[in-house]
Amino acid sequence: MRKKWIAVLAAAIVLTAGCSSKETEKKEATEHKEKEIEVDEVVAPEELPYQFPLTGVGTAEESSDRAVAVVVNNHPKARPQSGLHKADVVHEVLAEGDVTRFVAIFQSEKPEKIGPVRSAREYFIGLASGFDSFFIAHGYSPEAKEMLERGAIDNINGMQYDGTLFKRADFRKAPHNSYITYKNIVKGAETRGYALDEAPAPAVFLSSEEAGQLEGTPAEEFMVKYGSPSFDAIYEYDTAEQKYHRFNGSEETVDLETKDPVLLDNILVVQMDHQVIDSAGRRVIDMDSGGKGYLFQKGKVNEIQWKNEAGRITPYKDGVKAGFVPGKTWINIVPSISDVSFDSQQ
């Protein structure tokens, strides 16, 4: 658009000056073309030399920051949450009953505050370990406690730092009111002697051209069911933003402080075997065997198979690793792939 207006303005100047000779016109046209090239060179977006490892988004400097994983509460009394909109990857997975929790992975962006923070489960630790994360939770199941105490992952826990590194909000009641700032995450790592200066291995991302040519079944709106309307997740694709918005019912997932929505480029839904193991409803989830799934990108969906590769849930299509669209990713873990419904199935 800027180039068009420059051309129009240049032509008007030539006419006003009354240049009549063909030689002068040719000279003016040549000079104008050179100016257009210069303008294009100035306004063209600079290609950034590096990418953030978990989003594929360009950055001027290579990022060496360690990933941080935080267990975030998704109870209705904990919504809206703080900091989720800045997570590179969020895993949504069942805890007890039909209640889901989030394991949010932060690397490219550092929110000022994250929470409410909730307790760990052993499979939450497994998800965080795939990114070599520094793991943050407040509480634990017996199995998770044993893993943390034997050093399965670098971590700090609100059970030991309640009121110091972790703060209780006065506008919510326990257990929905534990928060941690990013400054206190860094402080906690320093206190425990954990390094935060090694970036995770990069994910596989599509190029801009590949992302623009994605094929698949149209899926601009779909639902992931978790057995309760309070926890069923709805996703809607915004064609102008080319991002998915996330909802629980009619309530959009936004940041508590800024009201910024969670905007997603990739939504991976994967089926894993779930088994309840005790009277409290705690589960074991098979995160190793692989299985069926869907990958939603750019308003389209493809059936995939997932594999656990070095602790990460990785999608494959037709036997080839499926790349992510550069941006943020949400991973829904469900007991059955039939828990997903979109337009072509309804």
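**Ground rules**

I am working from a predicted model, where local features need pLDDT of at least 70, side-chain atom pairs count only at pLDDT 80 or more, and totals for chains, interfaces and linings use all residues. Residues are numbered from 1 along each chain as its sequence is written, and side-chain values use heavy atoms, with hydrogens and water left out.

**Entry 1**

I began with strand E7, residues 134-137. My helices (H or I, at least four residues) and strands (E, at least two) are DSSP runs, numbered from the N terminus. Which way do the side chains of E7 point? I found Phe134 and Ile136 on one side, and Phe135 and Ala137 pointing the other way. For burial I use relative accessible area: buried is under 20%, exposed is over 50%, and partly exposed is in between (1.4 Å probe, protein chains only).

Next I looked up the partners of E7. I call two strands paired if DSSP finds at least two bridges between them. Strand E3 (residues 68-73) pairs with E7 in the parallel sense, over 3 bridges, and there valine 68 stands opposite phenylalanine 134. Strand E8 (residues 155-157) also runs parallel to E7, joined by 3 bridges. In E8, asparagine 155 is the bridge partner of phenylalanine 135.

**Entry 1: helix H4**

I followed the chain from E7 through helix H4 (residues 142-149) to E8, and the three make a right-handed β-α-β unit. Right-handed here means that, with the strands pointing away from the viewer, the path from the first strand over the helix to the second runs clockwise.

Which residues of H4 are buried? I get Ala144, Met147 and Leu148. They cover an arc of only 95 degrees around the axis, so they sit on the same side of H4; the arc is that of the directions from the helix axis to the C-beta atoms. These buried residues pack against H3, E7 and E8, with contact taken as heavy atoms within 4.5 Å. Just after H4, I noted glycine 151 with a positive phi of about 80 degrees.

**Entry 2: salt bridges**

Side chains of opposite charge can pair when their charged atoms come close. My criterion is a side-chain nitrogen of Lys or Arg within 4 Å of a carboxyl oxygen of Asp or Glu. How many salt bridges are there in the whole structure? The search finds 13.

I checked glutamate 92 and arginine 246, whose closest N and O atoms are 2.9 Å apart. This pair links distant parts of the chain, with glutamate 92 in strand E4 (residues 89-94) and arginine 246 in strand E14 (residues 243-248), 154 residues apart. Glutamate 92 is buried, at 0% relative accessibility, and arginine 246 is also buried at 0%.

Arginine 121 and glutamate 96 form a salt bridge at 2.8 Å, N to O. Arginine 121 lies in the loop between strand E6 (113-114) and helix H3 (122-129), and glutamate 96 in the loop between E4 and strand E5 (100-106), so the pair ties together parts 25 residues apart in sequence. Both residues are buried.

Arginine 168 and aspartate 162 also make a salt bridge, with the closest N and O atoms 3.0 Å apart. Are these two buried or partly exposed? Arginine 168 is partly exposed at 38%, and aspartate 162 is partly exposed at 37%. I also found Arg66, Asp132 and Asp154 joined into one network by salt bridges that share partners.

Most residues other than glycine have a negative phi, and most peptide bonds are trans. I went looking for exceptions.

- Glycine 115 and proline 116 are joined by a cis peptide bond, omega about -5 degrees; proline 116 lies in the loop between E6 and H3.
- Alanine 174 and proline 175 are joined by a cis peptide bond too, omega about 10 degrees; proline 175 is in the loop between strand E9 (166-168) and strand E10 (178-181).
- Aspartate 132 has a positive phi of about 50 degrees although it is not a glycine. It lies in the loop between H3 and E7 and is partly exposed at 43%.
- Lysine 259 has a positive phi near 70 degrees. It lies in the loop between strand E15 (251-252) and strand E16 (263-264) and counts as exposed at 52%.
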